[in-house]
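Open the model in your viewer and keep the selection panel at hand.

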Amino acid sequence: MMNRGIYVVGALMCMMNCVGSAQPLFVLGDSSVDCGENTLFYPIFHHNLSLLPCNGSDSSLLPHLLAEKMGLPNIPPFYSQNRSMQVFFSGLNYGSAQATIMNPSGQIHQSLNQQLRQVFETMQLLQLQLGEEIADYFINSSIFYLSFGKDDYIDLFLHNSSGVMVKYTGQEFAGILVNQMVHAMRNLYDANVRKMICIGILPLGCTPRVMWEWHNSAGVDDGRVCVEEINELVLEYNTMLDEHIVELNSELPDAQIIFCDVYQGIIKMITNPTYYGFEDAKSACCGIGSFGARIGCLSVEMACEQASAYVWWDLYNPTLTVNSLLADSAWSGQPLYGMCRPFPIQDLLHTSIS
């Protein structure tokens, strides 16, 4: 039995050496993790217009910056891979722009559950190709990254596209989203996943589009930097999710789930922009009109000359400079101390599963 175990580990380590890392990264999420729609036409229609955070490359997004720190090559999207085993060894990106946790009727964008089905499809393929024992060890050693919720609030709640705002209070809506996220993490755990990174929602009330809509409805510029009423809704979700992750870590044997509070990280940059090297914490670098948010980023040619001076890239998404600061802090705990808890992501790579 011991010889069989040594063989399994040896075979897997040999395969992993091909990509230089023994801990692949599997990414699920919305436009915070990918710039295109997760469909069969992904290679053709990768970069959509507006609402998306990319200025030409997915490499400006947080999970891709973290993958680089982990020593991983660029993580391929689910629909761009050709089912080659070599592709799986660094991980896959199941993310899709404007994906939501909820999946109301008539919703055209992907949901959390749809991405989970693709994850389990990948796991089944790994078991068929590698054998159950090696595949289970591979999954157990991998890291799964989840970043959802932003588009649930933008499309379903604030813009009330499916009548959600009429049905639920802010607390009820947050509770529904968090329960579904917890259910997803339990499902992944039951599939032998032990290492997970769960990202909170950024301060939507400070994004250029929300600020533009608020000032339009109020008809006056009251000098505020953020719409606190919107941020309070997001904080309710983040706090609830953080508390449930603490409970999951205590309840599930060997579970190592990290919550990364990007809300607090970005709020620190907005509150003290010059300290972090920013000149503009309110307007979008790429967009037209007040706050750069009347019309979104339809082309990179619309962008400002120095994106690094801005907190926001477009209507709802931060710049590469902000994402780089978040990646540094998520990875090592600096310069935004305590953004990820119970420990920074680099510590997750050095922990073993019994």
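The tour that follows goes through a predicted model, one selection at a time.

**Stop 1: the disulfides**

Select the cysteine sulfur atoms. Across the whole structure, a search finds four disulfides. Three of them are visited here, including the one between Cys260 and Cys340.

**Stop 2: Cys260 and Cys340**

Show both side chains. The S to S distance is 2.0 Å, and the torsion about the S-S bond is about 110 degrees, so this disulfide is right-handed. Now colour by secondary structure: Cys260 belongs to strand 4 (residues 256–260) and Cys340 to strand 7 (residues 340–341), so the bond ties together parts 80 residues apart in sequence.

**Stop 3: Cys198**

Cys198 is buried, with a relative accessible area of 0%.

**Stop 4: the loop between strand 5 and strand 6**

Select Cys285 and Cys304, which are joined by a disulfide with an S to S distance of 2.1 Å. Its torsion is about -100 degrees, so the bond is left-handed. Cys285 and Cys304 both sit in the loop between strand 5 (280–284) and strand 6 (310–312), so the pair ties together parts 19 residues apart in sequence. Both Cys285 and Cys304 are buried.

Next, select Cys286 and Cys297. Their sulfur atoms are 2.0 Å apart and form a disulfide. Here the torsion is about 70 degrees, so the bond is right-handed. Cys286 and Cys297 are also in the loop between strand 5 and strand 6, 11 residues apart. Cys286 and Cys297 are buried.

**Stop 5: helix 4 and helix 5**

Move to helix 4 (residues 112–130) and helix 5 (residues 132–141). How do their axes cross? They come within 7 Å, at roughly 135 degrees. The two helices are therefore oblique to each other, and helix 4 passes helix 5 in a right-handed crossing.

To see the contact, show these side chains:

- from helix 4: Met123, Leu126, Gln127 and Leu130
- from helix 5: Glu132, Ile134, Ala135, Asp136, Phe138 and Ile139

Coloured by class, the contact has seven nonpolar, one polar and two charged residues.

Key:
Residues numbered from 1 in each chain as written. Heavy atoms only, no water. Disulfide = S-S within 2.5 Å. Helix = DSSP H or I, 4+ residues; strand = E, 2+ residues; numbered from the N terminus. Buried < 20%, exposed > 50% of the residue type's maximum accessible area, 1.4 Å probe, protein only. Axes fitted to C-alpha atoms, helices over the stretch in contact; angles between N-to-C directions. Parallel < 35°, antiparallel > 145°, perpendicular 65-115°, else oblique. Left-handed = near helix turned anticlockwise from the far one by under 90°. Contact = heavy atoms within 4.5 Å. Nonpolar A, V, L, I, M, F, W, Y, C, P; charged D, E, K, R; others polar.
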